[in-house]
Structure formats: structure tokens, C-alpha cells
Amino acid sequence: MVRREFLLIGAGAVITAAGFRTGRAQRNERTVDPMTTNAVDSGFEITRTEAEWRGMLTDAQFSVLRKEATERPFSSPLNKEKRQGTFHCAGCDLALYASAAKFDSGTGWPSFFEALPDAVETRPDNSLFMRRTEVHCRRCGGHLGHVFDDGPKPTGKRHCINGVALNFKPASA
């Protein structure tokens, strides 16, 4: 294969992936899209307009929580967080993960083998030419990351969560 063909095929793949990702919101398998900018129609307990979300979140948090972006691996200080406590949604402060469920997956993102009861919801994510399971906050609909079936016991799950989507609250001494 000559270099020009390789570059054209690569560019085509990138453009196709971008279009596939953009079209995902229109094909969402959930009846209610948590990333909606219409607070009235969101279907979540906590609703805000896009302007309100932008006003309360950092640019990185907004990109991840509201636009389903992914932070750079190994960039979150929460990767090294070892204290006892709870990880909360950066969008609505709902307690999502106990520190006892956190483990070092080596993937570059905070990882947990289970969420707290009634804290997160999942849905299929067919973007980027693969089938994954998206994890989002059940109260505000914020995108947190993805869950995979390669975690440790007792669940065998790995909730691979963007650190910017979380706030850590240490346990009281």
C-alpha cells in the first residue's frame, strides 16, 4: 500500500468515526437523552440548561459530564487517591463510589468494581466502532465513563471513570 492510500484510508476512518459519534445522540437507545440542553425534558431529578451547566462546571467537567468526552489517561489526581471516603458526581454531588471499591486497573482512570446502590445507570454505547456500556449518574445524567467485564472479584466489573467527573470526600475522622 502506498503512503497516499494509507493516509486517505486513515483520514476516512477518522471522519467516519467522528460522524458516527456525532450521530449517536440522535440514535440514543434511551428514551431520554441526559445530555439535553432542555431542562424541562431531561427526565432526571436534577436538570439544568446548557448555560447553567457551563456556569457551574469547569471546561473539562462540562466536556466529560455533558458532552461525553474522555479525559487524558493518567491525568487525574484521583488515580492516586487512597484515603477512605466517597467519590461524588461533580455535576450534582450524588455519592457514586465508595473508596473500598476502588482499585488500580493500570488503565489511567480511576476504577471501581462496583457503584453504590442506586447511584449510576448504564446504557449501550456503540460509538467508535465498538460496543461498550456507558455509565452515567442516575440523578443528573452526567456521563462518567464506561463499565467493562474485566474487573476483579467480587463483581468482575471495572467501572472506568473519568476523574474530572468525580469529587472525592474523605471519611470523617
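Tutor: The count comes to 11 salt bridges, each a side-chain nitrogen of Lys or Arg within 4 Å of a carboxyl oxygen of Asp or Glu. This is a predicted model, where local features need pLDDT of at least 70, side-chain atom pairs count only at pLDDT 80 or more, and totals for chains, interfaces and linings use all residues. Residues are numbered from 1 along each chain as its sequence is written, and side-chain values use heavy atoms, with hydrogens and water left out.

Start with Asp93 and Lys169. Their closest N and O atoms are 2.8 Å apart. The pair links distant parts of the chain, 76 residues apart: Asp93 lies in the loop between strand 1 and strand 2, Lys169 in strand 9. Helices (H or I, at least four residues) and strands (E, at least two) are DSSP runs, numbered from the N terminus. Asp93 is partly exposed at 36% relative accessible area. Lys169 is partly exposed too, at 34%. Here buried means under 20% relative accessible area, exposed over 50%, and partly exposed in between (1.4 Å probe, protein chains only).

Next, Arg132 and Asp125. This salt bridge has its closest N and O atoms 3.2 Å apart. Arg132 is buried at 16%. Asp125 is buried at 1%.

Then Asp149 and Lys157. Their side chains meet at 2.4 Å, N to O. Asp149 is exposed at 63%, while Lys157 is partly exposed at 33%. Elsewhere, salt bridges that share partners join Glu45, Asp118 and Arg138 into one network.

Strands pair if DSSP finds at least two bridges between them. Strand 4 (residues 111-112) and strand 8 (residues 158-161) pair over 2 bridges. Phe112 stands opposite His159 in strand 8.

Last, the core. A nonpolar core is a set of buried Ala, Val, Leu, Ile, Met, Phe, Trp, Tyr and Cys residues joined through side-chain atoms within 4.5 Å. The largest has 25 residues, of which Leu96, Tyr97 and Leu144 touch the most other members. Among the elements giving two or more residues are strand 6 (132-137), strand 7 (143-148) and strand 9 (166-170). Helix 3 gives the most, with 3 residues. Beyond its neighbours within four places in sequence, Tyr97 has contacts (heavy atoms within 4.5 Å) that include Phe112, Val120 and His159.
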